[in-house]
Amino acid sequence: MRRWPVRRSKGTLSRKRFSRAGPRLGAHMSIAGGVDKALLRGHQIGCDTIQIFTKNNNQWRAKPLTVREIKTYHQHRATTGIWPVVAHNGYLINVASPQRALYKKSLEAFLVEVRRAAALEIPYLIMHPGAHVGAGEADGIKRVVNALDVVLDRTKGFPVVICLETTAGQGSSLGYRFEHLAAIREGVAQRERVGVCVDTCHIFAAGYEIRGRKAYEQTMRHFDDVIGLKHVKCIHLNDSQRELGSRVDRHAHIGQGHIGLEGFRPCLNDPRFRHIPMILETPKGEDPAAADRRNLGVLRSLVRR
Ligand code: MN
Ligand code: MN
Ligand code: ZN
């Protein structure tokens, strides 16, 4: 299994963190003021790992990362000991789109995302498979495979693994069945550079039961049969405002949704995910740091010591 190969911090703070038992927990952090600021924000609230957008997630354009920004980022990465940092693609990207113009634009933007992740030595870039907007699931999957082939070919040798995220299945979104992700991954030539990100809210909304040890194990066994658990590189921990199988993507604070506290215990204590980054994408509210701290505290209270 591939571990974290680069730039492990030698700082005392981080050494303490690395030796702590239990999963690597963190949250999605804002990059307001620069990508390096996300690390400081994460460190302040006790994240072992964080997720960021490397650019504005609602715009196509991005001004290039400056040498200085990249340097400061690496310094903060080392001093905070936060590892890994994972990146998430911008929301406008849809490489399942049957519209030629949007597909091409998405492909270009996706390439920029991979290059930015590489510049920041980010090992995992999370993507949504996308929406087929009426063209059909098989058609959508074919386009995603094609896009991944192009992107991976044009970034040959880059140490960035693209992670397909499971989705709730809103509208014509792909990725709400494990089979979709398996078909995409298996269709790609450089599939060793394609992993998976499991989002608890999304799989639950898609109809996969995870509440209770038995149901959780059953869902994981199914995942293992269809995709392979070894391809899980990241986990998003979100409770769900909506019920099992609702196909609606609404995140809730941990323990305050339909998954509930007990629904998170099996995953948090799963030895197979011991070294997998687990990231909150729960509502931030008025005071993001306080909200994230609270949710992290709840998660840590569920970890068996
Ligand atoms: Mn996502
Ligand atoms: Mn997610
Ligand atoms: Zn979501």
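The following dialogue asks how the labels used for this predicted model are reached.

User: What ground rules apply here?

Analyst: Local features need pLDDT of at least 70 in this predicted model, side-chain atom pairs count only at pLDDT 80 or more, and totals for chains, interfaces and linings use all residues. Residues are numbered from 1 along each chain as its sequence is written, chains are lettered from A and ligands numbered from 1 in the order in which they are written, and side-chain values use heavy atoms, with hydrogens and water left out.

User: What makes a residue a donor of the manganese ion (ligand 2)?

Analyst: Donors are N, O and S atoms within 2.8 Å of the metal (3.2 Å for Na, K and Ca); water is not among the atoms, so sites may look incomplete. Glu165 (OE), Asp199 (OD), His236 (ND1) and Glu281 (OE) lie 2.1 to 2.3 Å from the manganese ion (ligand 2). They therefore count as its protein donors. Along the chain, their spacing reads E-x33-D-x36-H-x44-E.

User: Why is the pair Glu165 and Glu281 said to tie together parts that are apart in sequence?

Analyst: Glu165 lies in strand S5 (residues 161-165), and Glu281 in the loop between strand S10 (277-280) and helix H10 (288-301), so the pair ties together parts that are 116 residues apart in sequence. Helices (H or I, at least four residues) and strands (E, at least two) are DSSP runs, numbered from the N terminus.

User: Why are Glu165 and Glu281 placed in their accessibility class?

Analyst: Buried means under 20% relative accessible area, exposed over 50%, and partly exposed in between (1.4 Å probe, protein chains only). Glu165 has 0%, so it counts as buried. Glu281 has 16%, so it counts as buried.

User: Which residues coordinate the manganese ion (ligand 1)?

Analyst: His88 (NE2), His128 (NE2) and Glu165 (OE) do, at 2.1 to 2.3 Å. Their spacing in sequence is H-x39-H-x36-E. His128 sits in the loop between strand S4 (124-127) and helix H5 (137-154), and Glu165 in strand S5, 37 residues apart. His128 has a relative accessible area of 32%, so it is partly exposed.

User: Why is the arrangement around the zinc ion (ligand 3) called irregular?

Analyst: Four donors count as tetrahedral if all angles lie between 85 and 135 degrees; four count as square planar and six as octahedral if opposite donors are over 155 degrees apart and all others between 65 and 115; anything else is irregular. Here the four donor atoms subtend angles of 54 to 139°, so the arrangement is irregular. The donors are His202 (NE2), Asp249 (OD), Asp249 (OD) and His251 (NE2), at 2.0 to 2.5 Å. The zinc ion (ligand 3) is 5.6 Å from the manganese ion (ligand 1).

User: Are His202 and Asp249 buried or partly exposed?

Analyst: His202 has a relative accessible area of 4%, so it is buried. Asp249 has 27%, so it is partly exposed.

User: How do you know that Thr282 and Asn295 make a polar contact?

Analyst: A polar contact is a pair of N or O atoms within 3.5 Å; within protein, one must be able to donate a hydrogen and the other to accept it, and residues adjacent in sequence count only if both atoms are side-chain atoms. The side chains of Thr282 and Asn295 are joined at 3.2 Å. Thr282 lies in the loop between S10 and H10. Its relative accessible area is 4%, so Thr282 is buried.

User: Where are Pro84 and Val133?

Analyst: Pro84 is in the loop between helix H3 (67-80) and strand S3 (85-88). Val133 is in the loop between S4 and H5.
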